[in-house]
Amino acid sequence: MAKESKVIITLVKSPIGAKKNQKDTLKALGLTKMHKSVEKVNNEIIQGMIKTVEHLVKVEESK
């Protein structure tokens, strides 16, 4: 079984003034406070969510 790759997503810019769908996407990712990080499995769904809020987050490969 292949090891799943993971990404670390960190909220680096405030969502104040962002569109509602972007705020909802951040909440669904679990990013509720500035500089909070979450680790997620790297799949198509997560990549689409990252694309929606790419200007608000920093994404790194997990080790």
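Is Asn21 buried, partly exposed or exposed, and what is its relative accessible area? The legends below take up this residue and its surroundings in a predicted model.

**Figure 1. Asn21 in helix 1 of the predicted model.** Asn21 belongs to helix 1, which covers residues 20–29. Its relative accessible area is 44%, so Asn21 is partly exposed, because this class lies between the limit for buried residues, under 20%, and the limit for exposed residues, over 50%. Asn21 and Asn42 stand 21 residues apart along the chain, and 21 Å separates their C-alpha atoms.

**Figure 2. The buried and exposed residues of helix 1.** The buried residues of this helix are Gln22, Thr25, Leu26 and Leu29. Viewed down the axis of helix 1, the buried residues fall within an arc of 100 degrees, and therefore they line one face of the helix. Lys20, Lys27 and Ala28 are exposed on the other side of helix 1. The cover over the buried residues of helix 1 includes strand 1, strand 2 (37–41), helix 2 (44–52) and strand 3 (57–61). After helix 1 comes Gly30, which has a positive phi near 95 degrees.

**Figure 3. Thr25 and its contacts.** Thr25 is located in helix 1. Its relative accessibility is 12%, so Thr25 counts as buried. When residues up to four places away in sequence are left out, Thr25 touches Met49, Thr52 and Val53.

Figure 4. Strand 1 and strand 3 run antiparallel and are joined by five bridges. Leu11 has Val57, in strand 3, as its bridge partner.

**Figure 5. Thr10 in strand 1.** Strand 1 spans residues 6–11 and contains Thr10. With a relative accessibility of 9%, Thr10 counts as buried, because buried means under 20%. The side chains of Thr10 and Ser37 are joined by a polar contact of 2.7 Å. Leaving aside residues up to four places away in sequence, Thr10 touches His35, Lys36, Ser37, Leu56, Val57 and Lys58.

Notes: Residues numbered from 1 in each chain as written. Predicted model: local features only at pLDDT ≥ 70, side-chain atom pairs only at ≥ 80, totals over all residues. Heavy atoms only, no water. Helix = DSSP H or I, 4+ residues; strand = E, 2+ residues; numbered from the N terminus. Buried < 20%, exposed > 50% of the residue type's maximum accessible area, 1.4 Å probe, protein only. Polar contact = N/O pair within 3.5 Å; in protein donor to acceptor, adjacent residues only side chain to side chain. Contact = heavy atoms within 4.5 Å. Arc of directions from axis to C-beta. Pairing = 2+ DSSP bridges.
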